[in-house]
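Look over the structure first, then read on.

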Amino acid sequence: MTVPEKKRNAPTRSALGLGSNLGDPRSNLDEAVRRLEQTEGVTLVARSSDYRTPPWGPVKQDDFRNICVVVDTVLSPRDLLKRCLAIELELGRVRDERWGPRTIDIDVLIYGMERIAEADLEIPHPRMGDRAFVLIPLAEIWPDAPLADGRTAAEALETCPDQEGVVRLDG
């Protein structure tokens, strides 16, 4: 007996991480989610609470506002990434400093059970298991989300450092 192939247009459960710390971060996140929802082939399944998080990396900057969303999509991983990058550009994202401040950042964290390791696309996102600003909102809406190391988001959160700096925001 053979395992049936995935239907050609069957949606794939995916997770995206979004963050902003320039302009009006709340509006930036809301607008990015709105544009994702308007994307043909993408259906919003869940949106996490908003979280205030300290900046990550060597660049001094304001705190971020972060969320995760779960979507079902018929887009390929590459096309989903292209749409995320297009939304970043539409909302004024400028890539002039790695880990620097940004109007919006949208990362493809998970695309079903796919594993992709290319120069500009790694799925599952290779560092999300160590980042509380990703795991806390992701575990809120998809605790069983599969990470690259075989753990779920909830399992990774149990030992993730820097959780005390991530604060859930009301409204």
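## Burial and surface

Buried means under 20% relative accessible area, exposed over 50%, and partly exposed in between, with a 1.4 Å probe and protein chains only. By that cut-off, 47% of the 171 residues of the protein chain are buried.

This is a predicted model: local features need pLDDT of at least 70, side-chain atom pairs count only at pLDDT 80 or more, and totals for chains, interfaces and linings use all residues. Residues are numbered from 1 along each chain as its sequence is written, and side-chain values use heavy atoms, leaving out hydrogens and water.

## Elements and overall form

The protein chain has four helices and eight strands. Helices (H or I, at least four residues) and strands (E, at least two) are DSSP runs, numbered from the N terminus. Their order from the N terminus is β-α-β-β-β-α-β-β-β-α-α-β. The radius of gyration is 16 Å, close to the 16 Å from the globule rule for 171 residues, so the protein chain is as compact as a globular protein of that length. The radius is taken over C-alpha atoms; the rule is 2.2 Å times the number of residues to the power 0.38.

Along the principal axes, the C-alpha atoms fill a box of roughly 55 × 35 × 35 Å.

## Two backbone details

Most residues other than glycine have a negative phi, and most peptide bonds are trans. The bond from Ile123 to Pro124 is cis, with omega near -10°. Pro124 sits in the loop between strand 7 (121-123) and helix 3 (132-141).

Asp162 has a positive phi, near 65°. Asp162 lies in the loop between helix 4 (153-157) and strand 8 (167-168).
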